[in-house]
Structure formats: structure tokens, C-alpha cells
Amino acid sequence: MAKRVLTTESGAPVADNQNSATAGVGGPILLQDQHLLEKLARFNRERIPERVVHARGSGAYGYFEVTDDVTGFTRADFLSEVGKRTETFIRFSTVADSLGGADAVRDPRGFALKFYTNEGNYDLVGNNTPVFFIKDPIKFPDFIHSQKRDPFTGKQEPDNVWDFWGHSPEATHQVTWLMGDRGIPASYRHMNGYGSHTYQWTNAEGEAFFVKYHFKTNQGVRSLSADQAAELVGKDANSHQTDLLQAIERGVNPSWTLHVQVMPAPDAADYRFNPFDLTKVWPHADYPLQRVGRLVLDRNPDNVFAEVEQAAFSPNNFVPGIGPSPDKMLQGRLFAYADAHRYRLGVNHTQLPVNAPKAAEADNYGRDGVHATRYGSRHDKNYEPNSYAGPAQTDAALGAPLAIHGWTGTYETAAHAKDDHFFQAGELFRLMSEEEKGRLVANIAGGLSQVTRDDVIEKNLAHFHAADTDYGKRVEEAVRALRED
Ligand code: HEM
């Protein structure tokens, strides 16, 4: 094999990569040492801003294969035929900690999936939890501030975490989920993924449906207890990354089965709770799981920075036949992600290989900006409409329209007949075995008992009492016992 020559960024050969050029032996360094200057300057610029949330993650390529006919519900082309395969990229993540944090912590996990479809990239940016803590995006920055490091102490503070939850009764369901057995997945392979929000599907006849996505792990759900996790973090802070990387390198390709719950659009208005409320699940008895296909991960990225750190997922990357619901949280996210990417990666982040369409081509009049690499051919016009056969709109609606009534204003999420903040938290608690209830209560009490203000503790206890009398009583007793210690 020909010997590879070390070069500068401009391709010139480097004579010495061990000693910098000096004015005589032992003299000061010369400004003319281009290789040294370039090497140091380049090194200074290696880091980009980490994601404001979900900073720490792991990624893998794979494919999605349709196993069941869902054409009655959506006209999305990548779901149009049993057996059809679409290339994918997934990024799993923790939420609260920064890039250097540990994997085996109690935190939701991100489950961000990019389908490189022949109608453009479809991003489904979900979590491993079917619900979320809040239901209005205006609260998201406050929520995240309360969960990340305190600006004064520089670390996560139980006072802040529980103060926010104490003010957010709608978080009780997700808090119950997070403090329960699934709160610390054993690995990224051993957890389910959920779209969490309600999305809209539209079929070829223009009929609308509301859907929720469930990716069930075929590896089985496995979780860690708080003690097991603490031990693992000490041994390998990168345990989830290690597990995913090694599994795929060994050819043990993890897979998930995708199911959807499908609600005919006319059901939404009178459903007993608001079907667009992200703090609620739809009971399977109302809308059973229907199988769609299989996600398989079979290739590790070659370069973590280029492909995982630079990956950009946006909930507003839809394809025809799939679109948003009026869920306010989702609507907020439709703005937030691409905006974050423009800050974190620049306006041309969609041209990076991991983010660019693979089975379709981006063809539009967006031009220039920092690091532009896509610019069409020399005769392409950069305005539209034009007389030169440039790309033109299709006039085909991407989804069915949503009927809207009422006046503009700042409203709470509309409550339906059976809506309250607590009943599904109570249902989840009552579903748990006696042992799991014990662990849930111990996990909650472990955090809540560290809170310094009694009024914050009381606010949180009131939520558990409202969810279920036994739940409230047990958390209260456990917190009291720990505080009296
Ligand atoms: C209004 C609520 C929310 C806002 C404003 C928000 C905002 C953000 C932002 C700014 C990022 C960083 C994006 C980047 O720099 O690439 C992010 C990442 C992420 N968010 Fe959210 N988020 C919200 C709620 C949610 C919910 C409800 C879910 C799950 C159902 C979710 C899942 C994720 C995931 C998985 C990532 C990481 C994506 C990746 O791997 O690159 N977020 N979010």
C-alpha cells in the first residue's frame, strides 16, 4: 500500500510533526510555521455548542421494513407496501445532563429517528416515555432550567427539580413513570420508544386519523435499580454507548416493532379526555396497537462527531400523509428544533451527510449562507416562479385540514369531560406490583426528602395524594421517615 503523506489543510506535505520551527536550537517559535499555527488554531475550534437538552447520545444506522398494510390510514410512500425498506438513522440520548455526563442515570431517554424516505426525510423525535412533564411549550425553558445545573451551585438541585414539579400538577403522571422501574433503562437496546405526541395521518382519499407511535423493543424491556445504576456509572460512565456499539459490531442487531394506535379524526372532539394532551396515554382498550413494521439497527457510524453530534432531527420534517396534530407542545417543537440546529450547526446543517436526504433530493431556491455546498447547476435560477423549468410546487395538500373555532388568546389546554391532571398517574400506580410500588415510593422519597422547603414538599405530596390515596400516604410516610433520620 502506498505510504500516506501527512499534509496541511491545503494539502501541502508536512516535513516535521514532532518539532516546531524555531529561530535556532532553543530559540522562540517562528510565525512562519504554518503547520503549527494551523494545528493549534484548528484544535481550538473542535467543539461546537452541545445540544441545550439531550446533549449526551449514541447513534446507529439501520432500516425500517413495513410488515403490515397501513395504507387505509396514511398515504406516506415509505409505508405504502409490505416489505418496503427505508434507510434510517437513530440517535438515543439522556436529557438533563451535559455531554460529559453518565449514561445509567434516572432520566427519560431520547429516541430520535430519521427515515430517509423517497419523499424526503421524515424525523420522528420521540422519547422512551409515552408521556411528558408539561403540556404547553411556553413552560419548556423553565422546566429544563429546573432539571439542569443550578446557576449558583453548578449542580442539579433537588430543590429546583421538585419546586418545578410542585408547581406542575400535570407532571405527576410522567414523574410516576420516571421514578418507577423503567426510569433507568439497562441499555438503549432494552427500552421502548414512543412518538409520545399525537400525530395526524392522512390517507389517499384525504381521510384524517390521529395516531400515536409505539416502538416495542424486541430485546425485552430491562431496567436498572438505583443501586445497580450507581454501581454501573462508577464502572463505565458510557455504559449505553458501549452496549450499543458492541452489540452492532458483534452483529447482534437490535430491533423494535412499530405499532400505532389509530383514532379516526371525528372521535377526537368528544373523546373523554383531550387526545392532544401529551401528559396522557390512550388506553389500548380504546385504541388497540396495530403493527406497522420493524426497525433494525445494523451499522455503527464511522465518526461520532460527524454523524452523531452533527445529526439534526426536527419534528417538523414530515412527508406527505403525516403531519402535526394541534398538540401545543408539538406545535412549539415545530419551531424549536430547526432553530436550535441553525444556532448549533448553522443554516446549512441539512447539507451535512447525516442530515441530507438520501433517497430524495433537496431542490429549492434556498441559497448560500455559511458553508453552503449545494448550489444546483450553472443555469439554475434562484427565484420562483421562473420560466426556466425550475422546481415548482405540487398543489397537493400534505395532510387533511384541521377545523379551528374560537378566539385568539392564551388558554389552558382544553379539558374534556374526564380530564384532570392526576387520574392516569393513579392508574399507573395501581397497575404496579407491590414490589414496584415500594421501589417507586423509595425513589420519590429519596429525592423529595432532600428538598429544604416544607411548602415545596407539601405541594408535591398533594399531587401523589390526588393521584391515589394509598400512593400519597406511602410517599408521605417515606419522606417523613427519611427526614426524621
Ligand atoms: C416544547 C417542548 C420541547 C422543546 C421546546 C424541545 C426542544 C428541544 C431542543 C432545542 C433540542 C436540541 C436540538 C438540537 O440541538 O439538535 C431538543 C432535543 C431533543 N428533544 Fe426536545 N423539546 C421539547 C419536548 C420534547 C418532547 C416532548 C420530546 C419527546 C417526545 C423531545 C425529544 C427530544 C429528543 C429525542 C431530542 C434529541 C434529538 C437528537 O438526538 O438530536 N423533546 N429538544
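Q: How far apart do the C-alpha centres of domain 1 and domain 2 lie in this predicted model?
A: In this predicted model, a distance of 27 Å lies between the C-alpha centres of domain 1 and domain 2.

Q: What makes residues of domain 1 and domain 2 count as being in contact, and how many does each domain give?
A: The C-beta atoms of two residues, placed from the backbone, must lie within 7 Å. Domain 1 gives 10 residues to the contact and domain 2 gives 9 residues.

Q: Which element gives the most to the side of domain 1 that touches domain 2?
A: Helix H8, residues 328-344, gives the most to that side, with 4 residues. By class, the side of domain 1 that touches domain 2 holds 5 nonpolar, 2 polar and 3 charged residues.

Q: Why are His54 and Arg91 counted among the residues that surround the ligand?
A: A residue counts if its C-beta atom, placed from the backbone, lies within 6 Å of the molecule. The ligand is surrounded by 27 residues, and His54 and Arg91 are among the closest, together with Gly110, Pro137 and Ser196.

Q: Which elements give two or more residues to the shell around the ligand?
A: They are strand S2 (85-94), strand S3 (109-117), strand S4 (120-127) and H8. H8 gives the most to this shell, with 8 residues.

Q: What classes of residue make up the shell around the ligand?
A: The shell has 14 nonpolar, 9 polar and 4 charged residues.

Q: Which residues does UniProt list for "domain: Catalase core"?
A: The unreviewed UniProt entry lists residues 7-392. Over residues 7-392 the chain is 21% helix and 20% strand.

How values were computed: Residues numbered from 1 in each chain as written. Predicted model: local features only at pLDDT ≥ 70, side-chain atom pairs only at ≥ 80, totals over all residues. Domains from an automatic or database assignment. Nonpolar A, V, L, I, M, F, W, Y, C, P; charged D, E, K, R; others polar. UniProt positions renumbered as here; feature names shortened; annotations may be inferred.
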